[in-house]
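Me: I'd like to go through the charged pairs in this one. Can you take my questions in turn?

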Amino acid sequence: MNRIITLDEFIIRRQKDFPFASGELSGLLRDIGVAAKVINQEVNKAGLVNILGMNGSENASGEDVAMLDVFANDRMKEFLQTSGECAAIASEEEEGFIRIDQIEGKNSEYLVVFDPLDGSSNIDVNVSIGTIFAIYRRKSSSNGPIELEDFLQKGSAQVAAGYVLYGSSTMLVYTTGKGVNGFTLDPGIGEFCLSHPNIRIPQKGKYYSLNQGYYRSYRPGVQAYLKHCESVGIGLRYIGSMVADVHRTLIKGGIFLYPETKSNPEGKLRLVYECNPMSFLVEQAGGIAITTGLTRVLEEKPTGLHQRKTIIIGSPDMVNKAAGLIKENVLVNFE
Ligand code: P6P
């Protein structure tokens with residue numbers, strides 16, 4: 001039986017990949033791992049305590065906020081603000097970014113962006129939800145304050161990205177740009193243990209994943225791809241929780257799409273908090289992530305923290321097929 005490798009042990013071992021690493025990035029990843037365990041505790045008993053349901057407020061994107069969203073957001077902020085390893089954070093649940101007072105002598109270069117609980121509309125019906133995070137290095141001079149522009153870097157500038165999936169088991173999957181590794185939480189010892197080393201996305205998969213209910217509002221190229229899937233017997237799997245849908249796509253192969261719709265003409269998912277971290281992970285596992293404009297997601301320059309972006313992400317053969325049909329249909333009028 002192979003020896004258990006915990007997340008902490010793995011992070012420390014991999015620190016040698018960063019010759020000039022001061023241990024800050026390792027510390028940040030460990031802090032996120034602890035926050036994930038605390039959030040997991042609450043998610044797992046959400047049905048038992050009065051933490052389900054909406055808390056009556058709206059987030060920066062004008063969406064109803066669930067009580068568990070607030071709990072997860074508070075925990076992520078608490079662990080990151082006290083970690084001493086990051087200079088500022090930005091949450092999908094908050095309007096703006098939050099500067100962190102540096103501990104005496106510390107001058108951290110790292111920024112963390114996160115969606116504390118993605119898919120929270122599924123909480124009340126016990127469907128998998130997730131936390132998404134990404135880490136950047138500040139661009140502005142370390143003598144001055146963190147600026148908004150530090151958070152509006154292209155996704156290609158991400159130093160690390162990952163997600164926690166609160167599902168049938170709780171998994172943490174992350175990359176620091178040297179491949180993708182997955183860890184499953186062992187509740188018996190309270191540790192994330194290496195369960196999916198060096199994840200590689202299959203060249204193609206059996207499922208496509210998008211909200212079929214919006215078919216009529218998709219552009220002709222996207223509709224052509226859905227017709228292609230139907231003609232060759234590719235099945236539809238859609239959970240409605242990005243972390244769960246992208247995780248299945250990463251492990252089994254497949255394609256996840258959130259194209260523009262009449263109600264979300266720029267797409268629904270946020271570039272900074274959702275599209276960029278997932279695109280970094282999937283590319284690191286050998287997959288492709290593009291917009292419906294056929295541009296690489298990681299090369300899109302964010303114009304704002306809450307900017308939305310279309311996304312087509314997954315197995316190379318399937319994303320390339322979708323891109324080909326979009327290209328062929330680009331001149332067809334979008335009525
Ligand atoms: P729709 C969840 O609300 C979310 O932000 C993502 O996790 C998910 O992929 C998407 O929205 C689902 O959106 O419009 O299909 O309900």
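Me: How does Glu299 count at 34% relative accessibility: buried, exposed or partly exposed?
Reply: This is a predicted model, where local features need pLDDT of at least 70, side-chain atom pairs count only at pLDDT 80 or more, and totals for chains, interfaces and linings use all residues. Residues are numbered from 1 along each chain as its sequence is written, and side-chain values use heavy atoms, with hydrogens and water left out. Buried means under 20% relative accessible area and exposed over 50%, with partly exposed in between (1.4 Å probe, protein chains only). Because its relative accessibility is 34%, Glu299 counts as partly exposed.

Me: Where does Glu94, the partner of Lys77, sit?
Reply: Lys77 and Glu94 form a salt bridge, with their closest N and O atoms 2.6 Å apart. Lys77 belongs to helix α3 (residues 67-81), and Glu94 is 17 residues away, in the loop between β3 (88-91) and β4 (98-99). Helices (H or I, at least four residues) and strands (E, at least two) are DSSP runs, numbered from the N terminus.

Me: Are Lys309 and Glu300 buried or exposed?
Reply: These two form a salt bridge, Lys309 to Glu300, with the closest N and O atoms 3.0 Å apart. Both Lys309 and Glu300 are buried.

Key: Salt bridge = Lys/Arg side-chain N within 4 Å of Asp/Glu carboxyl O.
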